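Please examine the model shown below with its sequence at hand. The paragraphs that follow lead from the chain as a whole to individual residues and their surroundings.

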Amino acid sequence: MLNGKNFFSRYLKRIVIIAVAIYLAFRLQQTLQLLLTSMFLAGAITPIVEQISSFRIRVNRWKIGLNRVWAVVILYLFLLIAIILAIAPAPQIILELGQFFIKLPNLLEQIQLPKGGIFNFSQDELRRILQTQPLIDQAQNFGKDIVGQTFVFTLQIFNAIGVGILSMLIAAYMVINSDNLVSRCLRPFSKEIRQQVEILIPPITRCLGAYVVGRVGTSSLLGFCTYLTLSIFGIPYAGALGLLVAIANLIPYIGGLVALVAIFIAAWGVEFNRGAIALFLCFALQQIEAFILQPWLVAPYLNLDPFELLLSIIVGAELFGVVGAIVAPPIAGTSRILFNHFFASSSNEDLETDTKE
(Lines give C-alpha, C1' and ligand atoms only; values in the text may rest on other atoms or scores of the structure.)
Protein backbone atom coordinates (compact mmCIF):
# COMPACT_ATOMS: atom_id res chain seq x y z
CA MET A 1 0.00 0.00 0.00
CA LEU A 2 2.84 2.30 0.88
CA ASN A 3 4.51 1.56 -2.44
CA GLY A 4 1.27 2.42 -4.21
CA LYS A 5 1.09 5.76 -2.43
CA ASN A 6 4.70 6.56 -3.30
CA PHE A 7 4.07 5.60 -6.91
CA PHE A 8 0.95 7.81 -7.06
CA SER A 9 2.63 10.77 -5.35
CA ARG A 10 5.67 10.53 -7.63
CA TYR A 11 3.61 10.65 -10.83
CA LEU A 12 1.33 13.31 -9.36
CA LYS A 13 4.37 15.53 -8.82
CA ARG A 14 5.45 14.98 -12.42
CA ILE A 15 1.98 15.86 -13.71
CA VAL A 16 1.95 19.04 -11.61
CA ILE A 17 5.41 20.03 -12.85
CA ILE A 18 4.39 19.45 -16.48
CA ALA A 19 1.15 21.43 -16.00
CA VAL A 20 3.06 24.35 -14.43
CA ALA A 21 5.61 24.26 -17.27
CA ILE A 22 2.84 24.38 -19.91
CA TYR A 23 1.13 27.25 -18.08
CA LEU A 24 4.35 29.24 -17.85
CA ALA A 25 5.09 28.55 -21.52
CA PHE A 26 1.75 30.14 -22.50
CA ARG A 27 2.11 33.04 -20.09
CA LEU A 28 5.73 33.80 -21.02
CA GLN A 29 5.57 33.28 -24.77
CA GLN A 30 7.74 36.28 -25.68
CA THR A 31 10.38 35.41 -23.10
CA LEU A 32 10.33 31.80 -24.25
CA GLN A 33 10.68 32.87 -27.90
CA LEU A 34 13.61 35.11 -26.93
CA LEU A 35 15.32 32.24 -25.11
CA LEU A 36 14.71 29.80 -27.97
CA THR A 37 16.06 32.35 -30.47
CA SER A 38 19.11 32.88 -28.29
CA MET A 39 19.67 29.14 -27.99
CA PHE A 40 19.38 28.75 -31.78
CA LEU A 41 21.84 31.62 -32.31
CA ALA A 42 24.21 30.24 -29.66
CA GLY A 43 24.21 26.87 -31.38
CA ALA A 44 24.79 28.56 -34.73
CA ILE A 45 27.78 30.68 -33.69
CA THR A 46 29.43 28.08 -31.46
CA PRO A 47 31.37 26.38 -34.33
CA ILE A 48 32.57 29.79 -35.59
CA VAL A 49 33.66 30.85 -32.08
CA GLU A 50 35.51 27.55 -31.63
CA GLN A 51 37.31 28.08 -34.94
CA ILE A 52 38.36 31.61 -33.95
CA SER A 53 39.44 30.57 -30.46
CA SER A 54 41.46 27.64 -31.83
CA PHE A 55 43.51 29.99 -34.03
CA ARG A 56 47.06 30.43 -32.70
CA ILE A 57 49.79 32.93 -33.56
CA ARG A 58 53.39 31.86 -32.93
CA VAL A 59 55.51 34.58 -31.30
CA ASN A 60 59.07 33.34 -30.73
CA ARG A 61 58.54 30.18 -28.67
CA TRP A 62 55.02 30.94 -27.51
CA LYS A 63 51.69 30.39 -29.19
CA ILE A 64 49.20 33.18 -28.50
CA GLY A 65 45.51 32.39 -28.88
CA LEU A 66 42.12 33.89 -28.10
CA ASN A 67 39.69 32.73 -25.48
CA ARG A 68 35.95 32.47 -26.11
CA VAL A 69 35.26 35.99 -24.86
CA TRP A 70 37.54 37.63 -27.43
CA ALA A 71 36.35 35.24 -30.13
CA VAL A 72 32.74 36.32 -29.50
CA VAL A 73 33.80 40.00 -29.44
CA ILE A 74 35.56 39.68 -32.81
CA LEU A 75 32.61 37.86 -34.35
CA TYR A 76 30.10 40.40 -33.02
CA LEU A 77 32.19 43.34 -34.25
CA PHE A 78 32.09 41.84 -37.73
CA LEU A 79 28.31 41.32 -37.44
CA LEU A 80 27.86 44.89 -36.15
CA ILE A 81 29.65 46.32 -39.18
CA ALA A 82 27.51 44.15 -41.48
CA ILE A 83 24.30 45.27 -39.73
CA ILE A 84 25.25 48.96 -39.97
CA LEU A 85 26.02 48.61 -43.68
CA ALA A 86 22.69 46.85 -44.19
CA ILE A 87 20.62 49.38 -42.19
CA ALA A 88 21.97 52.57 -43.77
CA PRO A 89 20.28 52.12 -47.19
CA ALA A 90 17.28 50.20 -45.81
CA PRO A 91 14.62 53.01 -46.01
CA GLN A 92 15.53 53.87 -49.62
CA ILE A 93 15.62 50.21 -50.69
CA ILE A 94 12.24 49.53 -49.02
CA LEU A 95 10.75 52.55 -50.81
CA GLU A 96 12.23 51.37 -54.11
CA LEU A 97 10.80 47.88 -53.57
CA GLY A 98 7.34 49.38 -53.03
CA GLN A 99 7.62 51.43 -56.21
CA PHE A 100 8.61 48.31 -58.15
CA PHE A 101 5.41 46.51 -57.11
CA ILE A 102 3.26 49.60 -57.80
CA LYS A 103 4.64 49.94 -61.34
CA LEU A 104 4.49 46.19 -61.99
CA PRO A 105 1.51 46.43 -64.44
CA ASN A 106 3.38 48.99 -66.57
CA LEU A 107 6.50 46.81 -66.54
CA LEU A 108 4.47 43.79 -67.66
CA GLU A 109 2.93 45.74 -70.54
CA GLN A 110 6.43 46.49 -71.87
CA ILE A 111 7.16 42.79 -72.36
CA GLN A 112 6.90 41.93 -76.05
CA LEU A 113 5.72 38.34 -76.39
CA PRO A 114 6.57 36.23 -79.47
CA LYS A 115 3.68 35.94 -81.93
CA GLY A 116 3.96 32.16 -82.06
CA GLY A 117 3.68 31.85 -78.29
CA ILE A 118 5.81 29.82 -75.88
CA PHE A 119 5.37 26.23 -74.62
CA ASN A 120 2.07 25.70 -76.48
CA PHE A 121 0.66 28.96 -75.05
CA SER A 122 -0.54 31.50 -77.60
CA GLN A 123 0.38 35.16 -77.37
CA ASP A 124 -3.07 36.10 -76.05
CA GLU A 125 -2.99 33.36 -73.42
CA LEU A 126 0.43 34.46 -72.23
CA ARG A 127 -0.77 38.07 -72.09
CA ARG A 128 -3.75 37.06 -69.95
CA ILE A 129 -1.45 35.11 -67.62
CA LEU A 130 0.91 38.06 -67.23
CA GLN A 131 -1.95 40.45 -66.60
CA THR A 132 -3.91 38.31 -64.14
CA GLN A 133 -5.77 41.07 -62.34
CA PRO A 134 -6.03 39.60 -58.82
CA LEU A 135 -2.27 39.00 -58.70
CA ILE A 136 -1.50 42.47 -60.06
CA ASP A 137 -3.91 44.08 -57.60
CA GLN A 138 -2.28 42.22 -54.70
CA ALA A 139 1.18 43.24 -55.87
CA GLN A 140 0.11 46.90 -56.22
CA ASN A 141 -1.56 46.92 -52.81
CA PHE A 142 1.57 45.38 -51.29
CA GLY A 143 3.69 48.06 -52.95
CA LYS A 144 1.39 50.85 -51.75
CA ASP A 145 1.55 49.48 -48.22
CA ILE A 146 5.34 49.47 -48.37
CA VAL A 147 5.55 53.02 -49.76
CA GLY A 148 2.91 54.36 -47.38
CA GLN A 149 4.48 52.72 -44.35
CA THR A 150 8.18 53.11 -45.09
CA PHE A 151 8.70 54.82 -41.74
CA VAL A 152 6.74 52.07 -39.98
CA PHE A 153 8.78 49.38 -41.72
CA THR A 154 11.97 51.17 -40.73
CA LEU A 155 10.82 51.28 -37.10
CA GLN A 156 9.97 47.58 -37.28
CA ILE A 157 13.45 46.88 -38.63
CA PHE A 158 15.02 48.80 -35.73
CA ASN A 159 12.73 46.99 -33.29
CA ALA A 160 13.75 43.64 -34.75
CA ILE A 161 17.39 44.70 -34.52
CA GLY A 162 16.88 45.59 -30.84
CA VAL A 163 15.41 42.16 -30.13
CA GLY A 164 18.21 40.62 -32.17
CA ILE A 165 20.88 42.45 -30.17
CA LEU A 166 19.31 41.22 -26.92
CA SER A 167 19.27 37.68 -28.34
CA MET A 168 22.91 38.07 -29.37
CA LEU A 169 23.89 39.15 -25.84
CA ILE A 170 22.11 36.16 -24.31
CA ALA A 171 23.63 33.88 -26.94
CA ALA A 172 27.09 35.30 -26.18
CA TYR A 173 26.62 34.49 -22.49
CA MET A 174 25.50 30.96 -23.42
CA VAL A 175 28.52 30.38 -25.66
CA ILE A 176 31.08 31.81 -23.24
CA ASN A 177 29.70 29.85 -20.30
CA SER A 178 28.50 26.83 -22.27
CA ASP A 179 30.42 24.26 -20.23
CA ASN A 180 29.03 25.47 -16.89
CA LEU A 181 25.51 25.95 -18.28
CA VAL A 182 25.40 22.45 -19.81
CA SER A 183 26.71 20.81 -16.63
CA ARG A 184 24.23 22.71 -14.44
CA CYS A 185 21.27 21.96 -16.72
CA LEU A 186 22.18 18.27 -16.91
CA ARG A 187 22.96 17.85 -13.22
CA PRO A 188 19.46 16.54 -12.27
CA PHE A 189 19.65 13.83 -14.95
CA SER A 190 21.38 10.48 -14.89
CA LYS A 191 24.94 9.91 -16.07
CA GLU A 192 23.74 8.08 -19.17
CA ILE A 193 21.52 11.00 -20.25
CA ARG A 194 24.35 13.48 -19.65
CA GLN A 195 26.65 11.44 -21.85
CA GLN A 196 24.06 11.21 -24.63
CA VAL A 197 23.48 14.99 -24.60
CA GLU A 198 27.22 15.74 -24.61
CA ILE A 199 27.61 13.51 -27.66
CA LEU A 200 24.72 15.20 -29.50
CA ILE A 201 25.60 18.85 -28.83
CA PRO A 202 28.57 19.12 -31.30
CA PRO A 203 26.77 17.74 -34.42
CA ILE A 204 23.63 19.77 -33.66
CA THR A 205 25.60 23.01 -33.24
CA ARG A 206 27.51 22.27 -36.45
CA CYS A 207 24.20 21.72 -38.26
CA LEU A 208 22.72 25.01 -37.00
CA GLY A 209 25.92 26.95 -37.61
CA ALA A 210 26.32 25.62 -41.14
CA TYR A 211 22.74 26.48 -42.00
CA VAL A 212 22.94 30.03 -40.62
CA VAL A 213 26.24 30.74 -42.35
CA GLY A 214 25.30 28.81 -45.47
CA ARG A 215 21.81 30.21 -45.99
CA VAL A 216 21.80 33.66 -44.40
CA GLY A 217 25.42 34.45 -45.26
CA THR A 218 25.38 33.26 -48.85
CA SER A 219 21.91 34.74 -49.48
CA SER A 220 23.13 38.14 -48.28
CA LEU A 221 26.23 37.80 -50.47
CA LEU A 222 24.08 36.76 -53.44
CA GLY A 223 21.75 39.75 -52.94
CA PHE A 224 24.71 42.15 -52.80
CA CYS A 225 26.34 40.65 -55.91
CA THR A 226 23.00 40.83 -57.72
CA TYR A 227 22.68 44.50 -56.76
CA LEU A 228 26.19 45.23 -58.10
CA THR A 229 25.48 43.38 -61.35
CA LEU A 230 22.19 45.14 -61.99
CA SER A 231 23.69 48.53 -61.11
CA ILE A 232 26.60 48.04 -63.51
CA PHE A 233 24.24 47.21 -66.38
CA GLY A 234 21.82 50.03 -65.55
CA ILE A 235 18.84 47.84 -64.61
CA PRO A 236 16.21 49.84 -62.68
CA TYR A 237 15.28 48.93 -59.09
CA ALA A 238 18.70 47.33 -58.56
CA GLY A 239 18.63 47.81 -54.78
CA ALA A 240 15.08 46.50 -54.42
CA LEU A 241 15.82 43.48 -56.61
CA GLY A 242 19.00 42.74 -54.65
CA LEU A 243 16.97 42.79 -51.42
CA LEU A 244 14.30 40.59 -53.03
CA VAL A 245 16.96 38.08 -54.15
CA ALA A 246 18.52 37.95 -50.66
CA ILE A 247 15.14 37.29 -49.01
CA ALA A 248 13.72 34.96 -51.66
CA ASN A 249 16.88 32.85 -51.77
CA LEU A 250 16.27 31.80 -48.16
CA ILE A 251 13.47 29.63 -49.59
CA PRO A 252 15.23 26.81 -51.49
CA TYR A 253 14.17 25.90 -55.04
CA ILE A 254 11.24 28.35 -55.38
CA GLY A 255 12.81 31.58 -54.09
CA GLY A 256 15.51 31.86 -56.73
CA LEU A 257 13.02 31.35 -59.57
CA VAL A 258 10.70 34.07 -58.24
CA ALA A 259 13.62 36.49 -57.96
CA LEU A 260 14.74 35.74 -61.54
CA VAL A 261 11.23 36.45 -62.85
CA ALA A 262 11.27 39.84 -61.09
CA ILE A 263 14.72 40.62 -62.57
CA PHE A 264 13.47 39.60 -66.03
CA ILE A 265 10.49 41.97 -65.74
CA ALA A 266 12.69 44.89 -64.63
CA ALA A 267 15.39 44.22 -67.25
CA TRP A 268 12.99 44.04 -70.21
CA GLY A 269 12.65 47.82 -70.50
CA VAL A 270 16.38 48.44 -71.03
CA GLU A 271 18.52 47.62 -74.05
CA PHE A 272 18.19 43.95 -74.98
CA ASN A 273 21.92 43.09 -74.81
CA ARG A 274 22.40 44.73 -71.41
CA GLY A 275 19.25 43.17 -70.01
CA ALA A 276 20.07 39.69 -71.33
CA ILE A 277 23.64 39.78 -70.01
CA ALA A 278 22.51 41.04 -66.60
CA LEU A 279 19.85 38.33 -66.39
CA PHE A 280 22.35 35.65 -67.39
CA LEU A 281 24.90 36.83 -64.82
CA CYS A 282 22.24 36.85 -62.06
CA PHE A 283 21.27 33.32 -63.05
CA ALA A 284 24.95 32.28 -63.00
CA LEU A 285 25.37 33.79 -59.51
CA GLN A 286 22.43 31.75 -58.28
CA GLN A 287 23.91 28.56 -59.73
CA ILE A 288 27.27 29.24 -58.09
CA GLU A 289 25.53 29.80 -54.76
CA ALA A 290 23.35 26.69 -55.13
CA PHE A 291 25.85 24.18 -56.56
CA ILE A 292 29.19 25.35 -55.12
CA LEU A 293 28.70 27.33 -51.91
CA GLN A 294 25.70 25.42 -50.53
CA PRO A 295 27.19 21.91 -50.97
CA TRP A 296 30.42 23.15 -49.44
CA LEU A 297 28.98 25.00 -46.43
CA VAL A 298 25.64 23.33 -45.68
CA ALA A 299 25.22 19.88 -47.22
CA PRO A 300 27.85 18.01 -45.12
CA TYR A 301 26.21 19.13 -41.87
CA LEU A 302 22.48 19.23 -42.70
CA ASN A 303 22.28 15.41 -43.14
CA LEU A 304 19.34 15.62 -45.58
CA ASP A 305 19.04 14.29 -49.10
CA PRO A 306 17.26 16.49 -51.73
CA PHE A 307 13.89 14.77 -51.26
CA GLU A 308 13.98 15.14 -47.47
CA LEU A 309 15.00 18.80 -47.83
CA LEU A 310 12.12 19.48 -50.23
CA LEU A 311 9.66 17.61 -48.00
CA SER A 312 10.73 19.62 -44.93
CA ILE A 313 10.24 22.88 -46.84
CA ILE A 314 6.75 21.84 -47.99
CA VAL A 315 5.70 20.81 -44.47
CA GLY A 316 7.18 23.97 -42.93
CA ALA A 317 5.46 26.20 -45.48
CA GLU A 318 2.14 24.39 -44.93
CA LEU A 319 2.33 24.86 -41.15
CA PHE A 320 3.92 28.31 -40.74
CA GLY A 321 4.12 29.90 -44.19
CA VAL A 322 7.34 31.53 -45.43
CA VAL A 323 8.96 31.50 -41.97
CA GLY A 324 8.24 27.78 -41.70
CA ALA A 325 9.87 27.13 -45.07
CA ILE A 326 13.00 28.95 -43.90
CA VAL A 327 13.40 27.30 -40.47
CA ALA A 328 12.21 23.81 -41.49
CA PRO A 329 15.56 22.55 -42.95
CA PRO A 330 17.66 23.03 -39.77
CA ILE A 331 14.86 21.53 -37.66
CA ALA A 332 14.69 18.55 -40.02
CA GLY A 333 18.49 18.24 -39.97
CA THR A 334 18.54 18.25 -36.18
CA SER A 335 15.72 15.67 -36.11
CA ARG A 336 17.72 13.50 -38.49
CA ILE A 337 20.74 13.67 -36.16
CA LEU A 338 18.58 12.63 -33.20
CA PHE A 339 16.96 9.84 -35.21
CA ASN A 340 20.30 8.47 -36.39
CA HIS A 341 21.72 8.60 -32.89
CA PHE A 342 18.87 6.97 -30.99
CA PHE A 343 16.98 4.76 -33.45
CA ALA A 344 19.61 3.80 -36.00
CA SER A 345 22.18 3.01 -33.30
CA SER A 346 19.65 1.00 -31.28
CA SER A 347 18.64 -0.94 -34.42
CA ASN A 348 22.29 -1.76 -35.10
CA GLU A 349 22.74 -2.92 -31.51
CA ASP A 350 19.66 -5.17 -31.76
CA LEU A 351 20.95 -6.58 -35.04
CA GLU A 352 24.35 -7.35 -33.49
CA THR A 353 22.62 -9.02 -30.51
CA ASP A 354 20.49 -11.18 -32.81
CA THR A 355 23.56 -12.14 -34.81
CA LYS A 356 25.45 -13.22 -31.71
CA GLU A 357 22.51 -15.27 -30.52
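**From the whole chain to single residues**

Among the contacts in the protein chain with a separation of 6 or more, 70% are accounted for by residues 24 or more positions apart. The model is a predicted one. Its protein chain contains 15 helices and two strands. Of its 357 residues, 31% count as buried. The chain exposes about 23400 Å², and carbon and sulfur atoms supply 69% of that area.

Leu66, Val69, Trp70, Val73, Ile74, Leu77, Leu80, Ile84 and Ile176 together make a nonpolar surface patch of about 760 Å². Helix α3, which spans residues 68–87, gives the most to this patch, with seven residues. Ile84, one of the residues of the patch, is found in helix α3.

Helix α8 covers residues 150–176, and Val163 lies within it. Val163 counts as partly exposed because its relative accessibility is 43%. Along the chain, Val163 and Thr37 are 126 residues apart, while their C-alpha atoms are separated by 9.8 Å. Ser38 has its place in helix α2, residues 29–54. Is Ser38 buried or exposed? Ser38 has 0% relative accessibility and therefore counts as buried. The side chain of Ser38 reaches the backbone oxygen of Ser167 at 3.5 Å. Once neighbours within four places in sequence are left aside, Ser38 is in contact with Ser167, Ile170, Ala171 and Met174.

Attention now turns to helix α13, which comprises residues 272–297 and includes Glu289. Glu289 is buried yet has no salt bridge. Which side chain of opposite charge is nearest to Glu289, and how far away is it? The nearest such side chain is that of Arg215, at 4.0 Å. A polar contact does exist for Glu289: its side chain pairs with the side chain of Thr218 at 3.0 Å. Not counting residues up to four places away in sequence, Glu289 touches Gly214, Arg215, Thr218, Leu222, Asn249 and Gln294.

Leu285 also lies in helix α13. The contacts of Leu285, apart from neighbours within four places in sequence, are with Leu222, Cys225, Thr226 and Thr229. For Cys225, the separation from Leu285 is 60 residues in sequence and 7.8 Å in space, C-alpha to C-alpha.

Tyr301 is found in helix α14, residues 299–302. The relative accessible area of Tyr301 is 37%, so this residue is partly exposed. Tyr301 and Thr205 stand 96 residues apart along the chain, and their C-alpha atoms are separated by 9.5 Å. With neighbours within four places in sequence set aside, Tyr301 is in contact with Arg206, Cys207 and Ala210.

How many salt bridges does a search of the whole structure find? The search finds one. It is formed by Glu271 and Arg274, whose closest N and O atoms are 3.5 Å apart. Glu271 counts as partly exposed because its relative accessibility is 46%. Arg274 is likewise partly exposed, with a relative accessible area of 32%. Glu289, by contrast, is buried and without a salt bridge.

The backbone provides the last point. Most residues other than glycine have a negative phi. Tyr237, although not a glycine, has a positive phi of about 60 degrees. This residue is placed in the loop between α10 (191–232) and α11 (238–248). Tyr237 is buried because its relative accessible area is 14%, a value in the class under 20%.

Technical notes
Residues are numbered from 1 along each chain as its sequence is written. This is a predicted model: local features need pLDDT of at least 70, side-chain atom pairs count only at pLDDT 80 or more; totals for chains, interfaces and linings use all residues. Side-chain values use heavy atoms; hydrogens and water are left out. Patches are made of residues with over 30% relative accessible area and no salt bridge: like charges are joined within 9 Å, nonpolar side chains (Val, Leu, Ile, Met, Phe, Trp, Tyr) within 5 Å. Accessible areas come from the Shrake-Rupley method with a 1.4 Å probe; for residues, only the protein chains shown count as cover. Helices (H or I, at least four residues) and strands (E, at least two) are DSSP runs, numbered from the N terminus. Buried means under 20% relative accessible area, exposed over 50%, partly exposed in between (1.4 Å probe, protein chains only). Lys and Arg count as positive and Asp and Glu as negative; His and the chain ends are not counted. A polar contact is a pair of N or O atoms within 3.5 Å; within protein, one must be able to donate a hydrogen and the other to accept it, and residues adjacent in sequence count only if both atoms are side-chain atoms. Contact means heavy atoms within 4.5 Å.
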